[in-house]
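User: I'd like to learn how to read a ligand site and some backbone geometry. Could you walk me through an example?

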Amino acid sequence: MSEQLTLYLHKLSPYSQKIEIALIEANAPYKGHHVDLSNKPEWFTSIVNPVGKVPAVAYGGPIVDPENPSPLSTKIAESSVILEFLADLYPDSGLLPKDLVLRAKVRFFNDATTKHLEGPFYDFVIGRGSYENVVKGIEFVQGLLEEGKDFAVGDHYTIADACISPCLARLKVVTETDIGKFPVGMGSKLGEELKGPKFTEFTKYVDRMLERQSLKQTYDKEALITYFKTVFMRAQ
Ligand SMILES: N[C@@H](CCC(=O)N[C@@H](CS)C(=O)NCC(=O)O)C(=O)O
C-alpha cells in the first residue's frame, strides 16, 4: 500500500491539474491542498518547494496538517517529475505502459507537447508568441497521434494524456472566447482553423480528452474564463 500523499495545488494551474488528473485516473488516494499563490505562505517555500511553485507533493511520513508539513515526508516538485513518480507508484494503473517502446513514446510525447504546443500556446495567450507557432505545435501533436486510437500513446490512458489535457482545455476556452493578449480575432480564427479537415484527428482527440471524468472533475471552466478575463484584459 502506498503512503500518504498531499498535493499542493492551485485550482487554476494547468500544471497542478495534470497531477490531479493522473491521481484520479490511477484511482489514488490523496489530499489536495490549495496554495494561495498571490500570498504565498512562508511554510510553502521554506518546507515544501523552495521555488515556490505548484504543483508539489509531500509523500510519506505521518499524516499531518498540510500547512504544517512533516520533515519526514519527501517533497517532490515539477509536474513532469511528479507524473513519472505517480506512474511508478501505481504501476498497475497503466499511467506508463509496461512496454519499453511505448514508455519511450509517452516520454517523447510529453517532451514534445510541452515544447511545441504548451510553450507556444501560453506565449500566444500572454501576447508574446505567434499564431503560426501555435498552429505548428498543433500540427506536431497531431502528427504524433495514431489514427483510430483513442489515446496519445498505445491503447490506454497514460501520463501523456494527463500531461497535455489541461493545455487542451485552455486551448478550447481561448478559441471559444477569443480571450487573450493576442490581436482581437486570432483566438476565434484558430478555432475556425481547428474545425477544418486538416485538424480532424487533433480535434477528435481534444474532444475525447475533454470528455474524461478526470478532466471535468479537476476543471472549473467558468472560473478559468473569469480569471482569463481579469488577467488578459486587452488595453482599449
Ligand atoms: N515547470 C513547473 C511549472 C509550475 C508553475 O509554473 N506553476 C505556477 C502555477 S501554474 C506557479 O506556481 N506559479 C507561482 C509562482 O511562480 O510564484 C511544473 O511543470 O511544475
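This is a predicted model: local features need pLDDT of at least 70, side-chain atom pairs count only at pLDDT 80 or more; totals for chains, interfaces and linings use all residues.

User: Which ligand atom does the polar side-chain atom of K53 lie 3.1 Å from?

Analyst: That K53 atom is 3.1 Å from an oxygen atom of the ligand. As for cover, the protein takes up 71% of the 510 Å² of accessible area that the ligand has on its own.

User: Which residues are around the ligand, and how do they divide by class?

Analyst: The residues are S13, P14, Y15, L37, K40, G52, K53, V54, P55, E78 and S79. By class, this shell has 5 nonpolar, 3 polar and 3 charged residues. The ligand takes the space of the largest pocket.

User: Now the backbone. What is the peptide bond from V54 to P55, cis or trans?

Analyst: The general idea first: most peptide bonds are trans, and most residues other than glycine have a negative phi. Here the bond from V54 to P55 is cis, with omega near 5°. P55 sits in the loop between α2 (42-48) and β3 (56-59), and both V54 and P55 are among the residues around the ligand.

User: Where is N27, and what is its phi?

Analyst: N27 lies in the loop between α1 (14-25) and β2 (31-34). Its phi is positive, about 60°, although N27 is not a glycine.

User: What does the UniProt annotation say about residues 3-94?

Analyst: The unreviewed UniProt entry annotates residues 3-94 as "domain: GST N-terminal". Over that stretch the chain is 33% helix and 18% strand, with its end C-alpha atoms 19 Å apart.

Definitions and conventions:
Residues are numbered from 1 along each chain as its sequence is written. Side-chain values use heavy atoms; hydrogens and water are left out. UniProt positions are given in the numbering used here, feature names are shortened, and annotations may be inferred rather than shown by experiment. Helices (H or I, at least four residues) and strands (E, at least two) are DSSP runs, numbered from the N terminus. A residue is near a molecule or strand if one of its heavy atoms lies within 4 Å of it. A polar contact is a pair of N or O atoms within 3.5 Å; within protein, one must be able to donate a hydrogen and the other to accept it, and residues adjacent in sequence count only if both atoms are side-chain atoms. Accessible areas come from the Shrake-Rupley method with a 1.4 Å probe; for residues, only the protein chains shown count as cover. On a 1 Å grid over the protein atoms alone, a cavity is a set of points where a 1.4 Å probe fits but cannot get out, and a pocket is an open set with protein on both sides within 12 Å along at least five of seven lines; lining residues have an atom within 4 Å of a point. A molecule sits in a cavity or pocket if more than half of its atoms lie within 2 Å of its grid points. Ala, Val, Leu, Ile, Met, Phe, Trp, Tyr, Cys and Pro count as nonpolar, Asp, Glu, Lys and Arg as charged, and the others, Gly among them, as polar.
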